[in-house]
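Take a look at the structure first, then work through the points below.

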Amino acid sequence: MGEVKLLGSWGSPFSRRVEMALKLKGVEYEYIEEDLANKSPLLLHYNPVHKKVPVLLHNGKPIAESVVILEYIDETWKTNPIFPKNPYEKAMARFWAKFIDEKCNPAVWQIIWSRDNEREKAIEEAILQLKTLEGELKDKKFFGGETIGVVDIVANLIGFWLGAIEEAAGFELVTRERFPILSNWIDEYLSCSVIKENLPPREKLLEAFRSRFTAPAWKY
């Protein structure tokens with residue numbers, strides 16, 4: 001199917017989404033690490049609009065934005081589909097992927113960027129959004145049913161990065177008491193070999209997040 005390259009960043013959940021999808025599909029690719037503090041001419045050339053990772057290059061043609069890339073991958077390589085075939089179910093998968101990117105993830109990032117006196121409010125907002133997401137899981141193993149699907153891939157920040165954020169900042173957000181269904185999903189998610197093999201080193205991630213938090217550890 002031609003040459004495949006991925007411009008990404010080791011700690012980016014958005015880059016890792018694409019890697020997870022490529023690995024699930026068994027697609028061979030060349031990975032190119034980007035320094036986001038000093039963006040390469042290659043990145044600026046292939047993503048002049050947003051100037052950010054990930055960018056997938058397929059036979060020299062660039063595709064940007066992680067969810068757009070995931071759909072391109074699924075339509076190009078048919079094995080191990082990550083989007084449902086049923087039109088309604090596919091629309092719902094797009095809806096929840098969009099909900100994660102527009103509601104859940106911004107709420108989580110806000111915890112990192114908020115000042116100490118604003119963090120409690122940020123956590124309350126994150127709880128609200130994650131409760132809504134948990135309601136979609138119901139009694140399913142994954143958002144995609146019995147196998148990893150696009151919503152599971154898009155939720156990777158919640159599945160892994162959030163735990164590192166909690167540990168670095170010293171608070172508890174996703175507890176088994178507060179989020180029993182989401183906690184079970186995280187366990188299943190992190191036990192999946194393709195997911196585990198495409199996560200950043202936890203200690204390196206913790207070090208990066210700890211630099212964001214200067215206040216003493218506390219719990220909410």
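Does K85 count as buried or exposed? At 78% relative accessibility, K85 counts as exposed, where exposed means over 50% relative accessible area, buried means under 20%, and partly exposed is in between (1.4 Å probe, protein chains only). Keep in mind that this is a predicted model: local features need pLDDT of at least 70, side-chain atom pairs count only at pLDDT 80 or more, and totals for chains, interfaces and linings use all residues. Residues are numbered from 1 along each chain as its sequence is written, and side-chain values use heavy atoms, with hydrogens and water left out.

**Two regions from the record**

- UniProt, in an unreviewed entry, puts the feature "domain: GST N-terminal" at residues 2-81; UniProt positions are given in the numbering used here, feature names are shortened, and annotations may be inferred rather than shown by experiment.
- Over residues 2-81, the chain is 38% helix and 21% strand, with the end C-alpha atoms 19 Å apart. Helices (H or I, at least four residues) and strands (E, at least two) are DSSP runs, numbered from the N terminus.
- The feature "domain: GST C-terminal" is placed by UniProt (unreviewed entry) at residues 86-213.
- Over residues 86-213 you get 73% helix and 0% strand, and the end C-alpha atoms are 44 Å apart.

**The sheet**

- Four strands make an open sheet in the order β2-β1-β3-β4, with mixed pairing; two strands pair if DSSP finds at least two bridges between them.
- β2 and β4 (61-64) are at the edges with a single partner strand each, so one side of each has no neighbour in the sheet.
- From one strand to the next, the twist averages 20 degrees. For angles like this, axes are lines fitted to C-alpha atoms (for helices over the stretch in contact), and angles run from 0 to 180 degrees between N-to-C directions.
- Strand β1 (residues 4-8) has four of its five residues buried, so it is largely enclosed by the rest of the structure.
- β1 pairs with strand β3 (residues 55-58) in the antiparallel sense, over four bridges. In β3, K5 has L57 as its bridge partner, and L7 has V55.
- β1 and strand β2 (residues 30-33) run parallel and are joined by four bridges. In β2, L6 has Y31 as its bridge partner, while L7 stands opposite I32.
- To get from β1 to β2, the chain goes through helix α1 (residues 13-25), and this β-α-β crossover is right-handed. Right-handed means that, with the strands pointing away from the viewer, the path from the first strand over the helix to the second runs clockwise.

**Aromatic rings**

- Rings of Phe, Tyr and Trp (its six-membered ring) pair if their centres lie within 6.5 Å; planes under 30 degrees apart count as stacked, over 60 as edge-to-face and the rest as tilted. By this rule the count is five aromatic pairs.
- F143 and W185 have ring centres 5.5 Å apart and planes at 65 degrees, so this pair is edge-to-face.
- F143 is in the loop between α5 (116-137) and α6 (150-154) and W185 is in helix α8 (residues 180-191), so the pair ties together parts 42 residues apart in sequence. F143 and W185 are both buried.
- F160 and W161 make an edge-to-face pair too, at 5.6 Å centre to centre with 90 degrees between the planes. Both F160 and W161 are buried.
- F95, W96 and F99 are linked into a cluster by ring pairs.

**Charges over rings**

- K204 lies over the face of W10, 4.2 Å from the ring centre. A charge sits over a ring if NZ of Lys or CZ of Arg is within 6 Å of the ring centre and within 35 degrees of the ring normal.
- The charged end of K90 sits over the ring of F83, at 5.8 Å from its centre.

- K85 lies in the loop between α3 (66-76) and α4 (87-113).
- A168 is in helix α7 (residues 156-169), and at 16% relative accessibility A168 counts as buried.
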